[in-house]
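Let's walk through this model together, one piece after another. Keep the sequence and the 3D view at hand as you read.

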Amino acid sequence: MSPADLPGLNIADLQALLRRREVSPRDVLEALRARIEEIDPKIDAYLSLDFEAALKEAEKVDVNLPLGGVPIAIKDIINVAGQPCTCGSKILANYRAMYDATVIRKLRAAGAIPFGKTNMDEFAMGSSTENSSVKPTRNPWDLSRVPGGSSGGSAAAVAADAAFGALGTDTGGSIRQPAAVSGVVGVKPTYGRVSRFGVTAFASSLDQVGPLAKTVRDAGLIMGAIAGHDPLDSTSLNEPVPNYPASLNGDLAAGRVRVAAATGLRGVRLGLPKEYMIEGIDSQVKSAIDAAVQHFISLGAEVIDLTLPHTEYGIAVYYFLATAEASANLARFDGVRYGYRAENPRDILDHYGRTRGDGFGPEVKRRIILGTYVLSSGYYDAYYLRAQKVRELIRQDFATAFEKVDAIVSPTSPVPAFKLGERTADPLQMYLADIFTVPGNLAGICGISLPCGFAKIDPPEDGFAVANSVQLPIGLQLLGKALDEARIFQIARAYEQSTDWHKAKPSL
Amino acid sequence: MAEPSQIDVGYVAKLARLNLSDEETSLFQKQLGDVLKYAEKLREVDVSHVEATAHAIPVFNIFREDQPGDCFTAEEALSNAPRKANNLFIVTKVVE
């Protein structure tokens, strides 16, 4: 195989070559570097690269480890010792991480090699990666469109074969939504399944780290490496972690039903919530989901209509709780211990006000204001406490649903990738991009997005720059109950292995 | 629930120690007014018999042994400080 073909491989196929010693970890890194140098000027997925450090690790790595010799891209909100960790923000433009986040320590122990940090909406606040203080990332399927967000750099890099796999974070959909609109697989683990230690906090009761990958099996490989209890994160769950990759080979009978991947879904019950086929959903997205449901039935699954009655309140609940938590978490950026500091402050209030006013971008400021407001005296009960109570009703909706079904099927995003600039002026429209993903974070359950079709967009009449109609990926979301990642992996794998959507690549 | 129009962005920005330009203040006043208006739908929900959720999967009483361990050196802890001297952070004066 020529080096130029290596970046197009998925992790499982790459590992086969590494383990047969047909390529070395150094060859893989060099091939990936060449691909990034060629493609990243078009998509702007990366904020920083350090191949020198990566090549040193490649010299001593054991390719027989679960991810031995596999380079993994890291969202720039996760601390990698010695590397920048800007969170896409001017306030951390010069920050260098002093230590590895637990997920990085675990990835290294599994033989993976971090080599670069990916672009993101500032502090993970956004659904388009346009809120990065450095540059927007572009969707590899159509460079005039966003890759989703906030983990848009990770999604675009994987979609463009500029990464074999990546880590992202998901607070309200920030892994699943960019995975969907960029045409890759993305997983939001159960809250507490993966350690948050060393991951800069946005909304601590919602944030989770998870993988973005080219296939369900690759996502399972990365999940297997990063999941598990961490004494350094007291919200991490002390529960055994199933062998996800083995279960995706069909070796493991997990849970109540045995699912032999790619051979059938007999006995699996899937729920179709009526609230998820709302007005405003793109007609091609709806058709793709309808077709996916028929496909699940043809694989032997039983599809049951169900109701999640509090779905419509998800976004409102989320924007009160997430901003409240963010306003507290971002109080640490005070220009004293790290980060940007305003020059020549008059006094301490001037120091704080200008440091934060100059250092944060518009969306972060908006959310700090909203979060401070909903926590302020006189409004706490009306906004914050009421939102926490409605959150409990949303959680109960899912608990009731999972008594009847093994997983819930929905679109990941109501629309395919939108154009750069299309939604920046209207924050509420941007927030509604997360309408199907936010409830999963509020309930703390797990979810996966995987490719399930394409929307065809005709070129504009006067569009001389666009020769042909473009194809935009559509994502299918499967939500599973808490700690049931193995099951949604198996259902997703059965769908993926009997369809061809995941094999399509953007022409760049 | 309070009226959305009651948010005073200029005042809340002071509470948050966040300087805003006049343009930002008026833009956010409008945009956050829209968000709060949208969120008024939470008023419809009967929450009179609901306990608030703090965490999706509750975990209680996480303790560890109180033992000394490795930690950053002063030099490491100061490595990202915008201003430092003599192994200390330099802060802006807080008392008159």
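Start where the two chains meet: 46 residues from chain B and 56 residues from chain A make the contact, where two residues are in contact if their C-beta atoms, placed from the backbone, lie within 7 Å. This is a predicted model, in which local features need pLDDT of at least 70, side-chain atom pairs count only at pLDDT 80 or more, and totals for chains, interfaces and linings use all residues. Residues are numbered from 1 along each chain as its sequence is written, while chains are lettered from A and ligands numbered from 1 in the order in which they are written.

On the side of chain B that touches chain A, α1 (9–15) and α2 (22–39) of chain B each supply at least two residues. Helices (H or I, at least four residues) and strands (E, at least two) are DSSP runs, numbered from the N terminus. The largest share of that side of chain B, 8 residues, comes from α2(B). Sorted by class, the residues on the side of chain B that touches chain A are 30 nonpolar, 7 polar and 9 charged. Here Ala, Val, Leu, Ile, Met, Phe, Trp, Tyr, Cys and Pro count as nonpolar, Asp, Glu, Lys and Arg as charged, and the others, Gly among them, as polar.

Now look at chain B by itself. Chain B has 3 helices and 2 strands, and along the sequence they follow the pattern α-α-α-β-β. The radius of gyration of chain B is 23 Å, well over the 12 Å that the globule rule gives for 96 residues, so chain B is more spread out than a compact globule. That radius is taken over C-alpha atoms, and the globule rule is 2.2 Å times the number of residues to the power 0.38. The C-alpha trace of chain B spans about 55 × 45 × 25 Å along its principal axes.

Along its principal axes, the C-alpha trace of chain A spans about 70 × 60 × 55 Å.

Chain A is divided into domain 1 (8–306 + 398–503) and domain 2 (312–390), with bounds that come from an automatic or database domain assignment. The C-alpha centres of these two domains of chain A lie 28 Å apart. Where they touch, 29 residues of domain 1 of chain A are in contact with 23 residues of domain 2 of chain A. On the domain 1 side, α14 (427–431) and α15 (438–443) of chain A are the elements that give two or more residues, and α15(A) gives the most, with 3 residues. By class, this side of domain 1 of chain A has 17 nonpolar, 8 polar and 4 charged residues.

The sheet of chain A comes next. Its 11 strands form an open sheet in the order β1-β3-β2-β4-β6-β5-β10-β11-β9-β7-β8, with mixed pairing; two strands pair if DSSP finds at least two bridges between them. At the edges are β1 (46–49) and β8 (302–306) of chain A, each pairing on one side only. Within the sheet, β5 (residues 185–188) and β10 (residues 446–457) of chain A pair in the antiparallel sense over 3 bridges, and Val187(A) stands opposite Ile448(A) in β10(A). β10(A) and β11(A) also run antiparallel, joined by 11 bridges, with Ser449(A) opposite Gln477(A) in β11(A).

Finally, find a pair of helices in chain A. The axes of α10 (residues 314–329) and α12 (residues 362–375) of chain A come within 7 Å and cross at roughly 100°. Axes are lines fitted to C-alpha atoms, for helices over the stretch in contact, and angles run from 0 to 180 degrees between N-to-C directions. α10(A) and α12(A) are therefore roughly perpendicular to each other, a term for angles of 65 to 115 degrees. Among the residues making the contact are Tyr319(A) and Phe320(A) of α10(A) and Ile368(A) and Leu370(A) of α12(A). By class, this contact of α10(A) with α12(A) has 8 nonpolar, 4 polar and 1 charged residues.

Definitions and conventions. Parallel < 35°, antiparallel > 145°, perpendicular 65-115°, else oblique.
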